[in-house]
Amino acid sequence: MTSESAEHDASAALNGPLLDISGHIVDVSAQAFRVAGLSPFVKLGDCVACPGPDGDEIGEVVRIEETTLTVKPFANRFTRGVKAPARRIGPLTIAPAEGWKGRTVDAFGQPCDGLGPLERGTDERATESMPPPALKRGRVKEPVKTNVKVIDIFTPLIKGQRIGVFAGSGVGKTTLMGMLARAKGFDTVVVALVGERGREVREFLEETMSGDLANVVTVVATGDESPMMRRLAPKTAVTIAEFFRDRGEHVLLIVDSVTRLAHAARDVALAAGEPPVSRGYPPSVFSELPRLLERAGPGLEGSGTITGIFSVLVDGDDHNDPIADAIRGTLDGHIVLDREIGEQGRFPAVDVLKSISRLAELAWTPQERELVTRLKSMISRFEDTRDLRLLGGYQRGADGALDQAVDLVPHIYSGLIQRPQDKLNGSPFDELSRKLKQNIQAAA
């Protein structure tokens, strides 16, 4: 066979129907294994299966060289050895269906809730895909009420918006995400639990989401699973959300957390030989995150929307962490949870001065916009003078605006406290006003 005919056969194998092409393993390490004989016939992101007596072990191609390719296995422990056969199986795909609502699946889209097999849809979708073209996407314009007072007042959401929840560990991030997951106005909710503790999965499903699972699809990859599974789970969740969006539904997508996705992507990139460039993160991590985040949002004009809420676990409470910084610039807003606020017993521990929704103007009425501006001004003046007041440098009557802030801000903070089981009576602005009146009357 000439080199030209070999190149033609390789091109046909890449672009034509999937052929059963095999190679063999030549090297195995703790992080990955290398395969010879498949390099001309695969693309990055394709999967390779290694058959054995206990079934196939699957890995993803993360590096291609002239004679060998590097494959990162999805299993925690790869059991095949040198000379074992390996065959190409193409990119990973899933086939979501209406019957997936109310079910819990793993990163492969396989059921893991013990409720029997899943309905298989007719629309086969690759877990790695491109977002809709920018100029053909619909516009975002419809507000959504989350029934979380501090969110609906200070950082209101619009259907099709993407917002991040930034917090350190143990500040109430997962609890807030669960409260947001029960927001009304969505046809389907898709939740990706990435790198969570195993015990927290049942707590989230049976307690946080108790009684609200009929329209929820949950994708789970716990912290003890391999980096490949934790990296795949958010992509599977977005693919499921895209299926329902393309049916004209309004979908709420929750990913908890994107930071653990970044950690998993870092492990994969390092195994592929990429150099670390920023606090140990290789360059591909910073290009992979926007590709995932951009898949959320409005679909093509006339279709549905995906409202994305992405939690970001800031390492060491450093909100300038490279991952947090990169994600903040991609999203349409950010909600910052502060540890000091949580230590004061104020939950959700949202720092309203550091949180912003870039689409809030579409949700507020002119009167609400003015009120929020005044509330933020009072809170800012109250916080800026905290040290001065603690040192005894504040004299009542010298500054009327500061006097008003000192009188009202503690009651505003108290009025924003909300437990997961609390229900609102009316709009969040009416609820806050009612709480303020109650607190002021009780303090009089």
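**Domains**

I began with the domain bounds: domain 1 covers 19-91, domain 2 covers 94-361 and domain 3 covers 367-443; such bounds come from an automatic or database domain assignment. The model is predicted, so I kept in mind that local features need pLDDT of at least 70, that side-chain atom pairs count only at pLDDT 80 or more, and that totals for chains, interfaces and linings use all residues. Residues are numbered from 1 along each chain as its sequence is written, and side-chain values use heavy atoms, with hydrogens and water left out.

**Where domain 2 meets domain 3**

I looked up the C-alpha centres of domain 2 and domain 3 and found them 31 Å apart. The contact (heavy atoms within 4.5 Å) takes 18 residues from domain 2 and 20 residues from domain 3. The size of an interface is often given as the accessible area lost when the parts come together. For domain 2 and domain 3 I noted a buried area of about 1,900 Å², with carbon and sulfur atoms giving 64%; buried area is the accessible area (1.4 Å probe) that two parts lose on being put together, summed over both. On the domain 2 side, Lys 149, Ile 153 and Phe 154 lose the most area to domain 3, together 38% of what that side buries.

How many salt bridges does the rule find across the interface of domain 2 and domain 3? I found one, where a salt bridge is a side-chain nitrogen of Lys or Arg within 4 Å of a carboxyl oxygen of Asp or Glu.

**Rings**

A search of the whole structure gave me five aromatic pairs. Rings of Phe, Tyr and Trp (its six-membered ring) pair if their centres lie within 6.5 Å; planes under 30 degrees apart count as stacked, over 60 as edge-to-face and the rest as tilted. One of the pairs is Phe 33 with Phe 78: the ring centres are 4.2 Å apart and the planes at 5 degrees, so this pair is stacked. Phe 33 sits in strand S2 (33-36) and Phe 78 in the loop between strand S5 (68-73) and strand S6 (85-90), so the pair ties together parts 45 residues apart in sequence. Helices (H or I, at least four residues) and strands (E, at least two) are DSSP runs, numbered from the N terminus.

Are Phe 33 and Phe 78 buried or exposed? Phe 33 is buried at 1% relative accessible area, and Phe 78 also counts as buried, at 16%. Buried means under 20% relative accessible area, exposed over 50%, and partly exposed in between (1.4 Å probe, protein chains only).

I then checked Phe 74 and Phe 108, whose centres are 5.1 Å apart with planes at 65 degrees, so they are edge-to-face. Phe 74 is buried at 4%, while Phe 108 is partly exposed at 28%.

Most residues other than glycine have a negative phi, and most peptide bonds are trans. I noted a cis peptide bond from Asp 256 to Ser 257, with omega near 5 degrees. Another cis bond joins Phe 347 and Pro 348, with omega about -5 degrees.

Asn 147 has a positive phi near 65 degrees and is partly exposed at 34%. Arg 279 also has a positive phi, about 50 degrees; I found Arg 279 in the loop between H6 and helix H7 (283-294), exposed at 55%.
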